[in-house]
Amino acid sequence: MAYTLIEGTARTVSRWAGGSSSQICIYPETAQYQKRDFLFRVSTATADTDEPAPYTPLPGVTRHLLMLQGSAAVHHEGHYSLTMTPYREIDVFDGGWDSSAAGKVQDFNLMCRGTCRGELSVLTEDTVLSCDGWTHLLLYCGQGDACVLVGDESISLKAEDALLLTKEPGCRVMLPHATVVCAKITV
């Protein structure tokens with residue numbers, strides 16, 4: 001089995017312009033966000049103010065954004081604006097854009113560089129996931145408790161836990177009372 005359980009309580013928190021960020025995973029594992037030498041990075045972020053806060057400029061990075069808690073007014077200067085609510089809208093945009101958001105929120109971020117590509121979805125009912133065409137599959141438990149079956153092994157996820165699968169054909173996700181964010185990634 002090729003998976004890593006990432007407990008929500010085990011993540012490092014860092015500050016950004018409008019609040020804090022908690023890295024779930026980065027690839028390759030030796031990459032450092034500050035050096036921008038990652039192919040992909042998955043994190044959550046919390047905004048501490050209702051005032052507009054600029055996003056960190058990340059040229060060459062495709063960003064995938066989903067609200068977990070609270071609503072945000074997201075603005076991409078010269079492109080578009082939208083209001084994002086929990087587990088509804090997924091915004092995919094160029095990290096080099098002049099972007100900002102207003103609202104006290106917690107969000108989920110997938111950042112992909114170079115030829116790396118990704119896709120986010122929200123799971124609210126039991127499902128079977130295939131990893132065909134993807135090198136990594138990350139499941140993040142945003143609310144409640146989930147159970148993931150990988151082969152013959154059962155893995156429990158509590159709120160804010162994540163499970164990263166690599167070299168697996170797929171998994172079965174059981175969500176009795178949970179909301180899970182699914183990030184499919186190819187490097």
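Leaving aside its neighbours within four places in sequence, with which residues is Phe108 in contact? Taking contact to mean heavy atoms within 4.5 Å, Phe108 meets Ile24, Val42, Ser43, Thr44, His64, Leu65, Leu66, Leu68, Leu120, Leu138, Tyr140 and Val181. This is a predicted model, in which local features need pLDDT of at least 70 and side-chain atom pairs count only at pLDDT 80 or more, while totals for chains, interfaces and linings use all residues. Residues are numbered from 1 along each chain as its sequence is written, and side-chain values use heavy atoms, with hydrogens and water left out.

Phe108, together with Val42 and Leu138, has the most contacts inside the largest nonpolar core, which has 20 residues. Such a core is a set of buried Ala, Val, Leu, Ile, Met, Phe, Trp, Tyr and Cys residues joined through side-chain atoms within 4.5 Å, where buried means under 20% relative accessible area (1.4 Å probe, protein chains only). The elements that give two or more residues to this core are β3 (19-27), β4 (40-47), β6 (61-69), β11 (106-113), β14 (136-150), β16 (162-166) and β17 (170-186), each strand being a DSSP run (E, at least two residues) numbered from the N terminus. Apart from this core lies another, of 19 residues, among them Cys141, Val150, Leu165 and Cys171.

Strand β11 also holds Gln106, which counts as buried because its relative accessible area is 11%. Not counting residues up to four places away in sequence, Gln106 touches Thr44, Ala45, Thr46, Met67, Leu68, Gln69, Tyr140 and Glu160.

We turn now to the pockets. A pocket is an open set of points on a 1 Å grid over the protein atoms alone, where a 1.4 Å probe fits, with protein on both sides within 12 Å along at least five of seven lines, and its lining residues have an atom within 4 Å of a point. The largest pocket holds about 470 Å³ of space, a volume being the space filled by probe spheres set on the points, which are joined across faces, edges and corners. Of its 30 lining residues, Trp16, Ser21, Tyr33, Arg41 and Ala45 are the closest to its centre, and β4 gives the most to this lining, with five residues.

The second largest pocket, with a volume of about 180 Å³, is lined by 13 residues, of which Thr4, Ile26, Glu29, Leu164 and Thr166 lie nearest its centre. Here the largest share of the lining, four residues, comes from β3.

Notes: Buried < 20%, exposed > 50% of the residue type's maximum accessible area, 1.4 Å probe, protein only.
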